[in-house]
Amino acid sequence: MTGASHLRPEFVEFIPDRLEPGVLYISRRYATASHLCCCGCEREVVTPLNPAKWRITERAAKVSLTPSIGNWSFPCRSHYWISANRVQWAPVMALEIIQAVQARDRRDAELYVPKPPSWIRRVFDELAGASSLLLSKLKSWWSQS
Ligand SMILES: [Zn+2]
């Protein structure tokens with residue numbers, strides 16, 4: 001199971017039933033795009049193309065998709081941008097900041113009563129879980145190249 005660092009855009013009328021990894025299928029007719037999750041988990045990511053969802057921009061045969069793709073509903077919880085055919089993972093720095101905030105949040109929780117609402121702690125826990133997964137993925141990614 002290896003992740004993709006690039007996606008090749010392929011303009012199609014219909015999104016095929018079986019997607020190839022590393023290909024971003026774009027159907028202008030049906031205003032949708034699909035690809036297999038770039039972490040390598042091979043789950044299908046569907047990105048409807050409309051002002052409320054995603055937007056495709058094309059420049060010199062390279063495709064960018066905005067906003068970022070956050071696969072929070074997948075076990076991998078991967079989060080990345082597709083920019084000029086490249087897969088750019090959510091910055092590690094930002095994730096480290098989240099972890100630092102979480103650590104501070106824990107300390108604060110010990111110091112002060114009342115504790116922060118449980119939903120805030122749950123959100124931070126989720127973010128930290130996603131970031132450590134991503135870090136391990138980035139590490140294995142770098143060691144491959
Ligand atoms: Zn994935």
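This is a predicted model: local features need pLDDT of at least 70, side-chain atom pairs count only at pLDDT 80 or more; totals for chains, interfaces and linings use all residues.
Figure 1. Starting at the N terminus, the elements follow the order β-β-β-β-β-β-β-β-α-α. The chain holds 145 residues, and 35% of them are buried. Its accessible surface is about 9,100 Å², with 56% of that belonging to carbon and sulfur atoms. If we take the contacts between residues at least 6 apart in sequence, 37% of them join residues at least 24 apart.

**Figure 2. Four cysteines hold the zinc ion.** The protein donors here are the SG atoms of Cys-37, Cys-39, Cys-41 and Cys-76, which sit 2.2 to 2.3 Å from the zinc ion. The angles among the 4 donor atoms run from 106 to 112°, and the site is tetrahedral. Along the chain, the donors show the spacing C-x1-C-x1-C-x34-C. Cys-37 belongs to the loop between strand E3 (32-36) and strand E4 (44-48), while Cys-76 belongs to the loop between strand E6 (62-70) and strand E7 (79-83), so this pair ties together parts that are 39 residues apart in sequence. Both Cys-37 and Cys-76 are buried.

**Figure 3. The largest nonpolar core is made of 24 residues.** Look for Tyr-80 and Trp-89, the residues with the most contacts inside this core. At least two core residues come from each of strand E2 (23-27), E6, E7, strand E8 (86-89) and helix H2 (118-144). Because domain 1 (8-89) and domain 2 (92-144) both contribute residues, the core lies between them.

**Figure 4. A close look at the surroundings of Tyr-80.**

**Figure 5. Ser-34 is a buried residue of strand E3.** The relative accessible area of Ser-34 is 2%, which is why this serine counts as buried. Beyond its neighbours within four places in sequence, Ser-34 is in contact with Ile-15, Leu-19, Val-23, Leu-24 and Tyr-25, and also with Glu-44, Val-45, Val-46 and Thr-47.

**Figure 6. Glu-126 of helix H2 and Trp-72.** Glu-126 has a relative accessibility of 45%, so this residue counts as partly exposed. In sequence, Glu-126 and Trp-72 are 54 residues apart, and in space their C-alpha atoms are 9.4 Å apart.

**Figure 7. A cis peptide bond joins Thr-66 and Pro-67.** Omega for this bond is about -5°. Pro-67 is located in strand E6.

**Figure 8. Ala-60 and Asn-85 have a positive phi although neither is a glycine.** For Ala-60, phi is about 50°; this alanine is in the loop between strand E5 (55-59) and E6. With a relative accessible area of 73%, Ala-60 is exposed. For Asn-85, phi is about 70°, and its place is in the loop between E7 and E8. Asn-85 has a relative accessible area of 13%, so this asparagine is buried.

Terms used. Residues are numbered from 1 along each chain as its sequence is written. Side-chain values use heavy atoms; hydrogens and water are left out. Donors are N, O and S atoms within 2.8 Å of the metal (3.2 Å for Na, K and Ca); water is not among the atoms, so sites may look incomplete. Four donors count as tetrahedral if all angles lie between 85 and 135 degrees; four count as square planar and six as octahedral if opposite donors are over 155 degrees apart and all others between 65 and 115; anything else is irregular. Helices (H or I, at least four residues) and strands (E, at least two) are DSSP runs, numbered from the N terminus. Buried means under 20% relative accessible area, exposed over 50%, partly exposed in between (1.4 Å probe, protein chains only). A nonpolar core is a set of buried Ala, Val, Leu, Ile, Met, Phe, Trp, Tyr and Cys residues joined through side-chain atoms within 4.5 Å. Domain bounds come from an automatic or database domain assignment. Contact means heavy atoms within 4.5 Å. Accessible areas come from the Shrake-Rupley method with a 1.4 Å probe; for residues, only the protein chains shown count as cover.
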